[in-house]
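Here's a quick briefing to read alongside the model.

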Amino acid sequence: MYIVDQRTYYWGPVTSTIDWCEENYTVSPYIAEFFNTITNLSFIFLCMFGIYNVFRNNASKTLIPLYLGVMMVGFGSWFFHMTLQYNMQLLDELPMLYVASIAVWHTFIADPKSTIGAKLPIALAVYSGIVSYAYIIINDPVFHQVAYALLVLTVVIRSVLLVGKVPEGYVYEKSRMRLLLWMAALGFIVAFILWNIDNQFCLSLRVWRTRVSTLTGSISELHGWWHIGTALGAYSFIVFCEWIQPVLRDSPDKYKLCWFGPISYLRPLNKFKSS
């Protein structure tokens, strides 16, 4: 690895409040953090597959805004890491709040007994608006992280409560839904650990990368692994949302949980019976 002079940066000097551990412009003269950029494809591809499954399974179309929101996070993160410009940093971080708010809303509309109505989306929109405005003024990443974490914590609590409401007759569904939630949690937890290692041991990681090839060194770009882990975690949660809605409504439609490596997806059970 080598250091590139900031005066030659394609997108100009770094203006973002965060400059991650990956060395800037060492792989491409047009991309500030190459591996932190391309790993955002995991958000985009998983969401495209998820939207395809929504139509194939005739699932609730309310899932599409959730998938599109996660995809927007991927695009925003792509442009942020590609440029390291402050306006692109906002395009990465603020959609995280909006997607988390949509996820909170989903954990309520999945419950047919919920009487929350329009009050919750209005409250979430106000919360997101206030936090967004305050974050632009305060300009402190910790403030954004705490505001985002509160929404994620709400999603976790609500999801656990929803699983507890699954009728006893749905033994297969209940066990697999718990698995999906564990997969979602594991994706975020492992990603969070790698994200912190990347922050705390950046100097050591950079020294190691000077001794190996670019391809080998890419393994140590741990913020990129954060993208992959959170993409898998968010995707697993949305698959859970796709399944919990018909189950709590006691729908006659039954599904089987299928896997392609760590990627889960639902298929109607009648498809397997007919084959």
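What share of the contacts in the protein with a separation of 6 or more comes from residues 24 or more positions apart? Such residues account for 69% of those contacts, where contact means heavy atoms within 4.5 Å. Before going further, note that this is a predicted model, in which local features need pLDDT of at least 70, side-chain atom pairs count only at pLDDT 80 or more, and totals for chains, interfaces and linings use all residues. Residues are numbered from 1 along each chain as its sequence is written, and side-chain values use heavy atoms, with hydrogens and water left out.

**Overall build**

- The protein has eleven helices and two strands; helices (H or I, at least four residues) and strands (E, at least two) are DSSP runs, numbered from the N terminus.
- Reading along the sequence, you get α-α-α-α-α-α-α-α-α-α-β-β-α.
- Along its principal axes, the C-alpha trace spans about 65 × 45 × 30 Å.

**Surface and charge**

- Of the 275 residues, 49% count as buried. Buried means under 20% relative accessible area, exposed means over 50%, and partly exposed is in between (1.4 Å probe, protein chains only).

**Salt bridges**

- Side chains of opposite charge can pair when their charged atoms come close.
- The structure holds four salt bridges, each being a side-chain nitrogen of Lys or Arg within 4 Å of a carboxyl oxygen of Asp or Glu.
- Arg 209 pairs with Glu 23, with their closest N and O atoms 3.2 Å apart. This pair links distant parts of the chain: Arg 209 sits in helix H8 (residues 202–209) and Glu 23 in the segment before helix H1 (34–38), 186 residues apart. Arg 209 and Glu 23 are both buried.
- Asp 111 pairs with Lys 165, and here the closest N and O atoms are 2.6 Å apart. Asp 111 lies in the loop between H4 and helix H5 (119–138) and Lys 165 in the loop between helix H6 (141–164) and helix H7 (171–200), so the pair ties together parts 54 residues apart in sequence. Asp 111 counts as buried at 8% relative accessibility, whereas Lys 165 is partly exposed at 43%.
- Lys 174 pairs with Glu 168, the closest N and O atoms being 3.8 Å apart. Lys 174 is buried, at 13% relative accessible area, while Glu 168 is exposed at 66%.
- Salt bridges that share partners join Glu 23, Arg 209 and Glu 221 into one network.

- Met 88 is in helix H4 (residues 86–109) and counts as partly exposed, at 24% relative accessibility. Leaving out residues up to four places away in sequence, Met 88 touches Gly 76, Phe 79, Phe 80 and Thr 83. Its C-alpha is 6.7 Å from that of Gly 76, which is twelve residues away in sequence.
- Met 177 lies in helix H7 and is buried, at 0% relative accessibility. With the sequence neighbours up to four places away set aside, Met 177 touches Val 166, Phe 240, Trp 243, Ile 244 and Val 247.

- Most residues other than glycine have a negative phi, and most peptide bonds are trans.
- Tyr 25 isn't a glycine, yet has a positive phi of about 60°. Tyr 25 lies in the segment before H1 and is buried at 5% relative accessibility.
- Asn 139 isn't a glycine either, and has a positive phi of about 60°. You'll find Asn 139 in the loop between H5 and H6, partly exposed at 34% relative accessibility.
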